[in-house]
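Subject: Structure handover

Dear colleague,

Here is the structure I said I would pass on. My notes follow below it.

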Amino acid sequence: MSEVALLENYLLVGALLFGIGLVGFFTRRNMIVMFLCSEMMLQGVSVSLVGWGRFHNDWGGQLLVIFILTVAACEAAIALAVVLTLFHQRGSLDIAVWQQLREENQAPHLDIAVPPAPIEDERKWPRLTPAGIEPDKDLQEVLHRSHM
Amino acid sequence: MTDATTILLILIPALPLGASILTAVLGARMLKDNSHVPVVVCLVAAFVASLMLLSQVHSSSAAAESMVGWESVTNLWTWASIPDAISTPAAARGVGEGGDLLPATLPFVVNVSLRADALTAIMMAMVTFISSLVAIYSVGYMHGERGYWRFYSYIGLFVFSMLMLVSVSNFVLLYVFWEAVGLCSYLLIGFWYEKPSAAAAATKAFLVNRIGDFGFALGLFLLWATYGTLNFHDAGGVAGILGQTRLANPELYVGGGTATATCLLLLLGACGKSAQFPLHVWLPDAMEGPTPVSALIHAATMVTAGVYMVTRCSPLFMMSPDAQQVVAVIGFLTAAIGGVIAITQTDLKRVLAYSTISQLGYMFLGLGVGTLAGITAGMFHLFTHAFFKSLLFLAAGSVMHAMGGVIDLRRFGGLRRLMPTTHWTYLFGSLALAGVVPFAGFWSKDAILAAAHERSGLEPVFEWLYWGALAVAFLTAFYTFRAVFLTFYGPERVPHEAGHHAHESPPVMTLPLVVLAICALVVGAWFEWTGGFADFLRRTPSLAYSGLAVEHGAEHAAGSHMLVAAISTAIGLAGVGLAAFLYLGDPAEVSSIRRLLGPLYWLSYGKLFFDPIYDAFIVRPLAGLSRLSYWFDRTVIDGLVNSVGRLTLAMAWGLRALQSGMVQFYAIAMLWGVVVLTMTLLIWPTLAAHWK
Amino acid sequence: MSALFVLSAIGAVSLALGLWLLLPRGVPWGKPLGALLVAVALGVIASLVPRLGAWASDSVFLILAAVTVLSAIATITFRNPVYCAIWFGLSLLGTAGLFLFQGAQFLGVATIVVYAGAILVTFLFVLMLAQPKGQAVYDRVSSAAFLSALTGALAVGVLTLTIVGVWRAEPGPSQVAVVDRAALDSDVLAPDHMARLGASLFGKQLLAVEVAGTLLLVALVGTVAIVGQIHKPRTGGDASHV
């Protein structure tokens, strides 16, 4: 594969990663997923940078990616701390809870149709008695046994 | 010699200015009831300095053998300088012999330069003298007044402005101080600003003056466009409008329509400031101010600024005989109107105000005569009038002070025993005003009449003006003594407002009265007999102008002079006699005559109805127009502006939905922006290249 | 209008539609239809890549790229955030492979270690801490799904058009600059790759490294400060909603 073609392919992959991350960032409402998506966008940029670095035979691209890694780590730490704080306040990871940036008197943005929740799994699993505690006895069973 | 003149020139205006600032800064907190001290001290000092300047100018100008008088100009600093402001007009002229060539463009330079010449020295001495006396008088009159310090601060500022007005050597600065004295007048008329009538009078004075100042400003523009400079003196290689070069060569003045237009515009300015018909209406209302202010500003000094200006510009007026006739006619009309109205007024200060208007009209008549004799006569009348009119006002103030603020002639009378000093001084002033020999007014008024009479030989219009002026002299004597008899003679009547005040004023007030009374007695005769005034004044560059030298044989004048003097004296005495006959006699006779004259009396009593006429034909249409403009501005202009605002609001109302508070939308919008930018920057040229 | 533009447009539109359908919104047959459309779109976009015909030799790249992109799509389309994170991990692995394929050995490993090993695990930790029971409403709905998909596709389209279109329209300066294979082998692809990378990192970019270190420290302090506030009572927020 020629260097030019390789570069183009990498740029395309980078663009796709970036774009997909973008869509995810726009549309997902879970704050953690949003941050995953932003990390994905960073990955897209990293891919492009590495491609350019190879193409120009220069370390700059890779060095930049190293710094991107560093910054991403910082960002992740702070972002997660913020997410935790926000979650603590509202008990929800929903980004739509936080709409204070809107215009005054503007009605809050609500979701249109929420699809029904999937039917919960009805299967019952056997419950184990916690260790070291006398299990509750079934009265019927006890009675039945005594009759035997 | 020149150095001393310079120092005096700077010192004289600086003293009142310094006192004014000092009083303004310290008056309210520290000086309080002693606020008069700095101003009185500085004014007296300025008067002494003015006398020194006068003597210096006198000796210098007597020594100078120049054809065009003597002047000394001091440049202080350059206020404004704009290079290449005007392409050199045809009438602009270099200073050198035969007129040095000037560059294609001339700069607009305003130098703060003070001049000393005979006219300035006389005006300065007169202003500082009167203002010192008025300031001393006010110590008694204004005592205990709220804003005492404010009064003295204004007085100091006014005297400074007036002194600068008469001493600057540039039309722009003349205009500046012209406005400055107007401002002081406004402040002092509205001194009791809580009183609505005082506030209205101050506004009226200011607005009416605006009309005149508008004309004055236009006149200055025209002058600048014509001569390329606004300096009086020769400066910067350019011949000044009233400079030696131009005065020595009268053909350098532009004549014809330009001269007439310039002079009429300047005259409009003078009419505003000097209360000439048709802009005289503000002066009677200005009596709302404290009486010393009326004496100082609205009788003796500020209102003479117009006379001073026309005198200063007399070479310009010489170039336009039409304008001179207009000056004379306006002067006469004003004198007649003032006299007619003054006859029937019942307010003592108003009588004096109309008499001031009338006397200013006399001065303009003298200036309008246009000969050297006429102009010096006008200035002479200005000079003597300053003494006796301020005397009359101050005496009226003394009466008012004693009567507890009442000034209505119908409510008091026979005060001559109560207030002997005031009575005698007022009588002296009245005699001077009526033109009785040998009081000051006689000599100056007589000089004006004589000048008009001389000129009448050449132009018939002056014949009419001469006889008219004699008639006005009769009116003057009549209304003056009507006021005297009503106030000081007859049965003693004191209004109840006077209370225990009804006695002679304190010495601090009567002393200036006595000084002024002596002046009113001697100043005219002394100058007339020594002949010093005209001789000295003739050394002023403007008046030494060779165009004025068209004298009609001094010997011939002397003969007719005596005749004129005799006639005017007879007429003056007749006026006094008629007043005595009417007002010392039976009051019923007066009312029968009043009934007999009917509409004439009504016309005079209604002040010829200038105010209602102006109100109906000028003020109301203007108010309507401004209401229309207001409506237009509010509805159409503001409407447009507001519509733009409302449009923005409406659009914003629509766009507000975008501000949903969901940050993801913001990110989307951001990306759209990026996409559009990228498309524009990168894709578009590529596509264009494809489609080509 | 050039065929390139038409193809790009078709690719972008079908990508948008496919993504829109794939997003969790409860559209019947949404997922398979969306997957099909996305596949078509990717095919169209891939067809724009020059000399794709020689794909066999590039199969490694193709596989890596496909894994990366597809798992990225899976990342954003799965409802359960834990699955999202795991798909993202796979995508990261693909990226790391791409890095290795480019000869960026250190970066490949660092991506796995730092991202997959550290950051992703932190994500999962937080998810464990914060995730409510069952599937939350907000994981089952997308905000502005169509608009987002359209915008994302537009971005990709513009980027593709820029990358591909610019190269094809006229030879740019970068294309003309012939890369010297030997130089490449002796530098970026050299055996002592790590040493050289380290040399330039701690040589030319030393200051930047120091700054980055400071940044990490600041982030550490900041994180502690922010989390330390959690247990203090707070007021505010829009309590009226959700």
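In chain B, the axes of helix H10 (residues 291-300) and helix H15 (residues 372-402) come within 8 Å and cross at roughly 160°. Axes here are lines fitted to C-alpha atoms, for helices over the stretch in contact, with angles from 0 to 180 degrees between N-to-C directions. H10(B) and H15(B) are therefore roughly antiparallel (an angle over 145 degrees). The crossing of H10(B) over H15(B) is right-handed, that is, the near helix is turned clockwise from the far one by less than a right angle.

On the H10(B) side, the residues in contact (C-beta atoms, placed from the backbone, within 7 Å) include B:Thr291, B:Pro292 and B:Leu296, and those they meet in H15(B) include B:Lys389, B:Phe393 and B:Met400. By class, this contact has 10 nonpolar, four polar and one charged residues. Nonpolar means Ala, Val, Leu, Ile, Met, Phe, Trp, Tyr, Cys and Pro; charged means Asp, Glu, Lys and Arg; the others, Gly among them, are polar.

This is a predicted model: local features need pLDDT of at least 70 and side-chain atom pairs count only at pLDDT 80 or more, while totals for chains, interfaces and linings use all residues. Residues are numbered from 1 along each chain as its sequence is written, and chains are lettered from A and ligands numbered from 1 in the order in which they are written.

Chain A has four helices and zero strands, in the order α-α-α-α from the N terminus. Helices (H or I, at least four residues) and strands (E, at least two) are DSSP runs, numbered from the N terminus. Of the 148 residues in chain A, 47% are buried, meaning that 20 or more other C-beta atoms lie within 10 Å of their own. Of the contacts in chain A between residues at least 6 apart in sequence, 49% join residues at least 24 apart.

Chain A touches both other chains discussed here. Its contact with chain C takes 88 residues from chain C and 75 residues from chain A. H7(C) gives the most to the chain C side, with 13 residues. That side has 56 nonpolar, 24 polar and eight charged residues. The contact with chain B takes 11 residues from chain B and 13 residues from chain A; the chain B residues divide into six nonpolar, four polar and one charged.

After H4(C) comes C:Gly103, with a positive phi near 90°.

Regards

Methods
Buried ≥ 20, exposed ≤ 12 C-beta atoms within 10 Å, placed from the backbone. Contact = placed C-beta atoms within 7 Å. Parallel < 35°, antiparallel > 145°, perpendicular 65-115°, else oblique.
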